[in-house]
Amino acid sequence: MRNIKQQDAAVAEILAAEDVRQAEGLELIPSENYVSRAVMEALGSSMTNKYSEGYPGKRYYGGQENTDAIERLAISRACELFGAKYANVQPLSGAPANIATYFALLEPATADKPGDTVLGMDLSHGGHLTHGHPVTAMTKVFNFVRYGMKDVATGEIDYDELREIALRERPKIILAGFSAYPRNLEYEKFVEIAREVGAITVMDAAHIAGLIAGGALPSPFDAGFDIMTTTTHKTLRGPRGGMILVREDEALAEKINKQVFPGLQGGPHMNTIAAKAVAFGEALDPSFADYAEQVIANASVMADVFTEHQIRLITGGTSNHLIVADVYGSLGLTGQEAETLLDAAGITVNKNVIADDTRKPLDPSGIRFGTPAITTRGCTEDACRRVAETMVLVLKKEMTPETAREVIKELALEHPIPESFI
Ligand SMILES: *Cc1c(COP(=O)(O)O)cnc(C)c1O
């Protein structure tokens with residue numbers, strides 16, 4: 001950051017402080033990760049200077065020989081990574097990827113008829129804001145209906161209910177995917193129900209794309225899903241961004257391309273697309289499979305520690321990278337209180353609603369945490385056990401956050417953020 005330091009002390013100071021915060025604390029927010037220096041170099045490259053509206057070979061401006069090359073490379077790596085025939089790497093983030101997908105596949109509401117229907121996961125059961133939360137603009141345009149878990153103790157989805165709702169509501173999209181659900185979905189059942197009602201299957205893999213890419217979780221495409229949307233910055237460990245993959249249907253891919261640009265976005269962020277290409281290259285390396293597997297092994301150990309201390313976990317544990325704990329029911333702490341206590345200890349988690357929460361979203365009953373970032377730091381089961389035990393002691397007020405902070409800082413310094421991953 002030599003140039004920033006010389007030119008702009010105010011910005012340099014804030015950026016340096018964030019470097020220290022990330023180095024000394026432990027990041028347990030399950031949607032966050034640390035990217036390699038190579039990804040950062042691509043983000044900071046001259047590609048940020050270029051306008052490239054359109055797609056490779058079909059741009060609105062000249063001077064595209066290198067932007068075309070980098071976008072084609074990102075697309076081909078994405079397709080290889082996920083076993084897809086088509087990829088659009090231009091979505092600026094996960095939410096715009098979902099919005100473009102909705103507009104590509106659905107008719108919006110008009111004065112005389114409601115918009116087409118999306119059947120997605122209940123938000124308090126783990127679904128995402130972009131899956132039809134009333135505060136989002138998409139609910140003014142499309143009709144969202146929901147399925148949920150049959151049993152919160154095991155996390156089993158109620159597939160009978162899902163089918164009944166699908167038969168009644170005739171959704172155009174059956175949407176799988178979540179940001180706070182710790183178990184695996186039975187993708188085959190989604191596909192079977194969708195075929196019965198003539199819906200398109202979309203998996204929003206924003207949280208678990210890296211675990212799918214690394215082969216640690218099954219792929220929705222293997223079960224016949226039509227489309228996968230994702231972020232590139234969570235378990236996939238790339239730059240902040242989104243992506244839409246189409247398994248094989250060319251007509252679907254064309255509709256999606258048209259909605260991403262010019263339907264929804266302007267010029268693509270070519271520096272981010274270059275960084276996506278770098279991250280996909282890292283994810284194609286065999287070492288990424290080890291990473292993905294370790295993420296899950298680490299989460300499993302942390303879940304065990306919480307369970308050993310009688311803290312109730314939603315679905316009883318985890319099969320992926322994240323854990324949702326009912327701290328209010330188990331310890332009488334609100335999610336906000338737990339988040340604040342852990343923050344003071346240098347452990348970053350987020351408050352989260354639990355299934356059918358009786359408390360409000362801004363002051364819910366649970367916390368959500370996970371292992372993608374600390375696994376990138378090289379933490380394995382032993383370190384994760386120590387982190388979880390420290391968390392439990394702080395939450396039970398058997399250790400002060402100040403004392404815990406020293407333990408965490410030591411752990412963090414033992415496991416520095418690596419510069420390169422291959
Ligand atoms: C994070 C997330 C998104 C949104 O991604 P942004 O990059 O924050 O826009 C969408 N869907 C799911 C399931 C997510 O977890």
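Predicted model: local features only at pLDDT ≥ 70, side-chain atom pairs only at ≥ 80, totals over all residues.

Q: How many residues of helix 11 are buried?

A: A residue counts as buried under 20% relative accessible area. In helix 11 that holds for 13 of the 15 residues, so this helix is largely enclosed by the rest of the structure.

Q: Which residues of helix 7 are buried, and on which side of the helix do they lie?

A: The general idea comes first. An α-helix has 3.6 residues a turn, so residues three or four places apart point the same way. In helix 7, residues 159-169, the buried residues include Tyr-159, Leu-162, Ile-165 and Ala-166. They cover an arc of only 120° around the axis, which puts them on the same side of helix 7. Asp-160, Glu-164 and Arg-168 are exposed on the other side of helix 7.

Q: Now the ligand. Which residues come nearest to the ligand?

A: Begin with the list of neighbours, then go to single atom pairs. There are 14 residues around the ligand, and those that come nearest are Ser-93, Ala-95, Asp-204, His-207 and Lys-234. By class, the shell divides into three nonpolar, nine polar and two charged residues. Helix 5, residues 94-105, gives the most to this shell, with three residues.

Q: What lies 2.4 Å from a polar side-chain atom of Ser-93?

A: An oxygen atom of the ligand lies at that distance from Ser-93. For Asp-204, a polar side-chain atom is 2.5 Å from a nitrogen atom of the ligand. His-233 has a polar side-chain atom 3.5 Å from an oxygen atom of the ligand. Of the 380 Å² of accessible area that the ligand has on its own, the protein covers 86%.

Q: Is Gly-94 buried or exposed?

A: Compare its relative accessible area with the cut-off for buried, which is under 20%. Gly-94 has 14%, so it is buried. Gly-94 is found in helix 5.

Q: What should I look for in the backbone?

A: Most residues other than glycine have a negative phi, and most peptide bonds are trans. Here the peptide bond from Phe-261 to Pro-262 is cis, with omega near 10°. Pro-262 is in helix 10, residues 250-264.

Q: Is Thr-315 buried or exposed, and what does its side chain reach?

A: Thr-315 counts as buried, because its relative accessibility is 1%. Its side chain reaches the backbone oxygen of Gly-317 at 3.2 Å.

Conventions:
Residues numbered from 1 in each chain as written. Heavy atoms only, no water. Buried < 20%, exposed > 50% of the residue type's maximum accessible area, 1.4 Å probe, protein only. Helix = DSSP H or I, 4+ residues; strand = E, 2+ residues; numbered from the N terminus. Near = heavy atom within 4 Å. Polar contact = N/O pair within 3.5 Å; in protein donor to acceptor, adjacent residues only side chain to side chain. Areas by Shrake-Rupley, 256 points an atom, 1.4 Å probe, with all protein chains shown as cover. Nonpolar A, V, L, I, M, F, W, Y, C, P; charged D, E, K, R; others polar. Arc of directions from axis to C-beta.
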